[in-house]
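Please open the structure in your viewer and keep the selection tool at hand.

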2 protein chains.
Amino acid sequence: MPHPPTAAVARSSRAPRFGANYVPSSGWFYTWLDFRPDEVRRDLAELAGLGLDHVRIFPVWPWIQPNRGLIRQRAIDDVLTTVDLAAEVGLDVAVDLLQGHLSSFDFLPSWVLTWHQRSLFTDADVRAGLREYVATVATAVASRPNVFALTLGNEVNNLWPSNPTTAADSRAWAEELVGTMRAAAPGLLSLHSLFDDAVYAPDHPFHPADVADLGDLSLVHSWVFNGVARLDGPLGSATLGHADYLVELAAALSSDPARPVWLQEVGAPRPEIGEADVAAFVAGTVGQALENPALWGLTWWSSHDIDRALLDFPEREYDLGLFTVDHRRKPVAEALAVAVADARAGRPGPVLDRPGLVCPVDVRMEPGRRDEIAPGSAFHRAWVEHRLHGPIAIVPAAHAGDAAYLAARGVDRLLAD
Amino acid sequence: MPHPPTAAVARSSRAPRFGANYVPSSGWFYTWLDFRPDEVRRDLAELAGLGLDHVRIFPVWPWIQPNRGLIRQRAIDDVLTTVDLAAEVGLDVAVDLLQGHLSSFDFLPSWVLTWHQRSLFTDADVRAGLREYVATVATAVASRPNVFALTLGNEVNNLWPSNPTTAADSRAWAEELVGTMRAAAPGLLSLHSLFDDAVYAPDHPFHPADVADLGDLSLVHSWVFNGVARLDGPLGSATLGHADYLVELAAALSSDPARPVWLQEVGAPRPEIGEADVAAFVAGTVGQALENPALWGLTWWSSHDIDRALLDFPEREYDLGLFTVDHRRKPVAEALAVAVADARAGRPGPVLDRPGLVCPVDVRMEPGRRDEIAPGSAFHRAWVEHRLHGPIAIVPAAHAGDAAYLAARGVDRLLAD
């Protein structure tokens, strides 16, 4: 696809984008050190075969920029080759830049460690190095027509607390680097990704407003191992609705009622989601998310399992793939392919006559009250209860009387509680 | 040279080994990520041209073992190619394994950082990974006839305090891994390298006994920026004699009076040693060290300067090379080449009828008193004063009456103070 025009950002009546977070089948992301195009080609063809339209890819920062003054062209060339291989099988590509954090591992260059310890969020020299890195990689991948988005980095809030920051510093840092990305690649979506502590954890130094304000879309990553699956089990309303809840929260957090939300990561982790429940979990989770009018796209985590010869991953990381390491299509992949095909046929589609549940807390203004909307909170439980009966919007109290706002959000009435 | 027989370890009448610590001219050690054999070949030929007989090389651990369960064969192949290129120009090779620490930068894999933080000195799983790494790399390089030594890692005590340890843990860790090296490569020297806090800093959790007991030789790294150059300037007795002092201290620390000492690193750092003084510093430092009967070899740090396009190095690290990054032979190289040629002609040679200065402190038994032999201590100042008049041994008080010991150490009389 060509560089998306502005219209591509806006909500449209067509089905959302569907993709996979690309985890190489052989050697995980370590394969950036031993790039094997034939293996990448095979992996990507498998994903295209599910009916997906894009992949999200994850270069590893310290291997590209091992010294603040050295950005390795060959490493960038390998990223570009990956993009081109995706194009061969009809996949668009979103590129995350600052990894950074991947599946419990933080990849950090020696120039921010030990003797050179300095926070990448606040140190002026490190930030200069990051601007150079971001601009260089963004410029390079923007040369490829099938790249549609750049994310500053995967869940960069995982890089705290090892890198000290404050909410103000985190915001300024992301604003600057998202600006750097946008300037280097004006035709692409410029995005900022945070895991859900940004919206749920009262003291977390990355704020809900960062999700809602920074970049061209709001991004959410829905992981039911965050506690939500303990509320009502693998197929309960809280669990199946969690992706939709996060999409809805992000939509409600934005001052722009039309700002779309990308469900950039969602997956079926063990042991929360057992083998027998996977298909129902996929159908339920994707189905509920598709009813949300804010949904821009959905990207499954992940494409491929992790070889158990690779050690030290949290147990649940090994089996998140749509495919095994030896290229077998798993039941989760079959279920996702069905959901994608249904969505392309308009089943289900966005629901624009939803009731709205007024949220009593403004976590933009009072981030210290984020626990009041987190899984298990009274508000969350009320939403989950209502969600049993169909799509349910979250309406900030400040907008409860704003008819134009409500209409823009697809809300036709407000609920009592 | 073939694998050294045991006799090669013992002190002999031939000139010591002379070499350089190999820092690639283009791209420093980052070139392991973009291995360019032609550039390595050119660098090594330059070193052979100075009359040196060996290089010490530094693979970067986390790029070879990015996951505890993954040791990259291609990275090992690049190490082997470097060894073979050295052979082409007649150079033997010492391989350091666990880098680890290089010129202020610590290279640590993601599996011992942040979410996976665990001390590499004490964690059982990390140690299992290190054994695998050490055995694999040692086995690989032992296949090459011009490899003569393995060092566990460059100045591994720099990896503390970021990795907690105690003196007992540090010792047990090194004993285990030196044993692993020796078992994997029984024909090679197995060695353990520590920077001089091990002998000078009272609270340092790596002890003098580790230097003197572990591995097949004692290793010392002489850096006059440790404070010694402040005592009497670039050409004073303390400064010119520091390498000899460390060699002598290491010899005195060993229970074996015949244990040789490798001056594995010595260099002429700015600003302590200015341009005008470099030749005299080299001649004086090398000349005094050559008079020490314990000296096994001398390896200059470093082969090549660091390109100033590479950022964040301490200022003094950039200009330590024998050659510039554009391959010009520096005055320090000319001075070293002269010293090497002289040494090969026996000028100067080991002095075996030295007076001995009795050391009042046994830092093996009382490591908390290491400051009493450190630069600037009364004992050190006395040694420096005597060194003005010629070679001077250090004799542990416990051995002061042991004629056989004194003879074995080349000491023919004891001094009053």
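## First stop: a salt bridge in chain B

Select Asp53(B) and Arg344(B), whose side chains meet in a salt bridge at 2.9 Å, N to O. A salt bridge is a side-chain nitrogen of Lys or Arg within 4 Å of a carboxyl oxygen of Asp or Glu. The pair links distant parts of the chain, 291 residues apart: Asp53(B) is in the loop between helix H2 (37-48) and strand E2 (54-57), and Arg344(B) is in helix H13 (residues 331-344). Helices (H or I, at least four residues) and strands (E, at least two) are DSSP runs, numbered from the N terminus.

Before going further, please note that this is a predicted model, in which local features need pLDDT of at least 70 and side-chain atom pairs count only at pLDDT 80 or more, while totals for chains, interfaces and linings use all residues. Residues are numbered from 1 along each chain as its sequence is written, chains are lettered from A and ligands numbered from 1 in the order in which they are written, and side-chain values use heavy atoms, with hydrogens and water left out.

Are the two partners buried or exposed? Asp53(B) counts as buried at 15% relative accessibility, whereas Arg344(B) is partly exposed at 42%. Buried means under 20% relative accessible area, exposed over 50%, and partly exposed in between (1.4 Å probe, protein chains only).

Remain in chain B and select Arg118(B) and Asp123(B), whose side chains form a salt bridge at 3.9 Å, N to O. Arg118(B) counts as buried, because its relative accessibility is 16%. Asp123(B) is partly exposed, with a relative accessible area of 21%.

Now move to chain A and select Arg131(A) with Glu176(A); their side chains meet in a salt bridge at 3.1 Å, N to O. This pair also links distant parts of the chain, with Arg131(A) in helix H5 (residues 124-141) and Glu176(A) in helix H6 (residues 167-184), 45 residues apart. Arg131(A) is partly exposed at 32% relative accessibility, and Glu176(A) is partly exposed at 27%.

Next, select Arg171(A), Glu175(A), Asp210(A), Asp213(A) and Arg364(A) together; a network of salt bridges links them. How many salt bridges are found over all chains? A search of the whole structure finds 76.

Select helix H14 (residues 378-387) of chain A, in which Phe379(A), His380(A), Ala382(A), Trp383(A), Val384(A) and Arg387(A) are buried. What covers these buried residues? The cover includes helices H9 (228-232), H10 (237-240), H11 (242-253) and H12 (278-290), together with strands E11 (354-359) and E12 (393-396), of chain A.

His380(B) counts as buried, because its relative accessibility is 0%. Not counting residues up to four places away in sequence, His380(B) touches Val228(B), Leu231(B), Ala238(B), Tyr245(B), Ile373(B), Ala374(B) and Pro375(B). Contact means heavy atoms within 4.5 Å.

Select Val141(B) in helix H5 (residues 124-141) of chain B. Val141(B) is buried, with a relative accessible area of 1%. Leaving aside neighbours within four places in sequence, Val141(B) is in contact with Val79(B), Leu80(B), Val95(B), Val147(B) and Leu150(B).

## Fifth stop: where the chains meet

Display chain A and chain B together. Chain A can be laid on chain B with an RMSD of 0.0 Å by a turn of 180° and a shift of 0.0 Å along the axis. The two copies are therefore related as by a two-fold rotation axis. Copies are superposed by least squares on the C-alpha atoms of residues with pLDDT of at least 70 in both. Select Leu33(A), which of the residues of chain A comes closest to the rotation axis, at 3.9 Å (C-alpha).

The contact takes 31 residues from chain A and 31 residues from chain B. Finally, select Asp312(A) and Arg68(B), whose side chains meet in a salt bridge at 2.8 Å, N to O. Between chain A and chain B the count is eight salt bridges.
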